[in-house]
Amino acid sequence: KMEPQYILYGSYASYFTAKTRAYLRKKSIPFIERHVGDPQFRSLIQPQTGSHRIPQLYCMLNGDCVQDSTNILDYLEKRHPKLPAIPPTPCQRVFVHLMELYASEGLLKLAYAYRWLFIDNMEFITKDFGMALRPQGNTEILNKYGGRIVNRMEGGKNIMLRSVKKTEDVMDDTDLRKDLNKAYLKLLKLFDDHLLLMPYLLGGHPSAADYAMMAALHAHLGRDPVPLRLMQVNAPHVFRWVEHMLNFAEVQSPEFFDYPVVFEKNDIVPPSALKILKFIAVDQQRMFKDDYVKEVIAFEEEMELHPEKRGNGNPLLDGNDKGADQAILIVDRDGGKKKMGISLHHVWLSQRSREFFQTSSISDQNKIIAMLGEDNDSLDLLKVPIRTKIKRVILKEPNRPRFIAEEWDNNQQNINKSKL
């Protein structure tokens with residue numbers, strides 16, 4: 001048995017911790033898990049990362065601290081390349097990078113809404129939150145401390161749900177609950193159909209796309225009582241997939257004991273996996289009134305209007321106590337007639353797929369375009385030209401994660417004029 005090399009700070013109730021935990025387990029990376037109540041989290045980890053948000057990873061070999069699930073995956077991939085989470089071939093890699101955005105971020109509101117809009121979840125959620133702060137607490141203690149977290153999240157909950165509410169009182173919105181059930185059941189059906197064919201999204205072992213799906217399908221939808229029951233009854237293969245993704249080391253699932261532990265050959269992205277991407281990129285975006293393409297376009301236009309914000313090392317937003325993952329840049333649109341909020345975190349994640357696509361050869365670009373099809377919101381995202389490089393950094397004073405902007409080297413782009 002190998003000695004643990006890392007400490008994962010997180011919680012079973014945490015959306016993004018579920019993604020990171022599954023990655024560590026499936027890659028057989030020795031680690032231990034701690035709650036944020038561990039004194040070392042505040043004394044050692046937070047001062048280095050500048051954030052209280054989970055998950056966070058501490059490397060016991062060199063003292064490195066990493067915050068944000070995507071940053072953690074990138075950090076670990078360099079050190080543990082076996083069973084890579086990022087495929088090397090163009091179509092599969094673009095699919096994975098798109099799912100890092102659309103599945104990880106795009107399913108967040110669905111999972112969040114399910115957690116808070118169904119009263120039958122609340123008793124479990126309150127105690128589950130309490131476990132993160134008082135793991136050995138009795139029921140009274142768990143309700144006390146869990147209730148504090150529930151109350152603290154009240155404001156953020158209302159802001160997130162405001163865009164989809166159909167009545168004045170979102171907590172009494174019967175039509176919204178029906179829409180949530182319809183969307184969730186469709187997602188389950190698409191993924192369950194895929195899992196009849198192969199154990200993971202791209203074949204015989206997990207990719208970053210699977211880990212992105214795990215965030216929603218375990219931490220919220222696979223544990224909170226209401227969505228969990230729907231999963232168990234309507235999507236038994238998805239439920240089994242969630243169970244299997246939690247297993248240590250075992251990559252080859254019992255249901256596919258003779259399936260090769262590799263990605264699909266010839267850079268194939270299964271059509272059933274593409275249906276899941278398209279559902280999240282189109283249906284889920286419209287349901288929750290999100291539009292990553294518009295966000296990215298607005299960001300690029302804003303940086304063109306204010307080139308002085310690039311290359312100076314200063315944060316695009318300062319004084320935002322919530323940190324980089326919650327940074328919203330407010331810009332003028334339509335000649336100043338209306339304001340638009342841009343999630344810098346979304347722009348940063350979208351850059352992964354856009355940069356790979358736009359620096360690929362024309363031949364590879366054509367393969368990706370053929371895979372996605374012309375009528376696809378994902379392709380529209382890839383086509384938005386990068387003019388500004390956005391980076392996530394830890395800046396001092398205040399010591400918090402921030403985004404900075406740099407000039408993009410246009411010479412790196414291979415512009416496919418017939419397609420872009």
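## How α9 and α13 cross

The crossing of α9 and α13 is left-handed (the near helix is turned anticlockwise from the far one by less than a right angle; clockwise would be right-handed). Helices here are DSSP runs of H or I with at least four residues, numbered from the N terminus. The model is predicted: local features need pLDDT of at least 70, side-chain atom pairs count only at pLDDT 80 or more, and totals for chains, interfaces and linings use all residues. Residues are numbered from 1 along each chain as its sequence is written, and side-chain values use heavy atoms, without hydrogens and water.

The axes of α9 (residues 174–194) and α13 come within 9 Å and cross at roughly 170°. Axes are lines fitted to C-alpha atoms over the stretch in contact, with angles from 0 to 180 degrees between N-to-C directions. The two helices are therefore roughly antiparallel (over 145 degrees).

Buried means under 20% relative accessible area, with a 1.4 Å probe and protein chains only. In α4 (residues 90–102), twelve of the 13 residues are buried, so α4 is largely enclosed by the rest of the structure. Among them are F95, H97 and Y102. Their cover includes α10 (208–219), α13 (271–287) and α14 (292–305).

In α10, twelve of the twelve residues are buried, so this helix is also largely enclosed. D210 and H218 are among them.

## Checking a length

The expected span is 1.5 Å times one less than the number of residues. For α4 that gives 18 Å, and its end C-alpha atoms are 18 Å apart, which agrees.

Terms used
Buried means under 20% relative accessible area, exposed over 50%, partly exposed in between (1.4 Å probe, protein chains only). Contact means heavy atoms within 4.5 Å. Angles under 35 degrees count as roughly parallel, over 145 as roughly antiparallel, 65 to 115 as roughly perpendicular and the rest as oblique.
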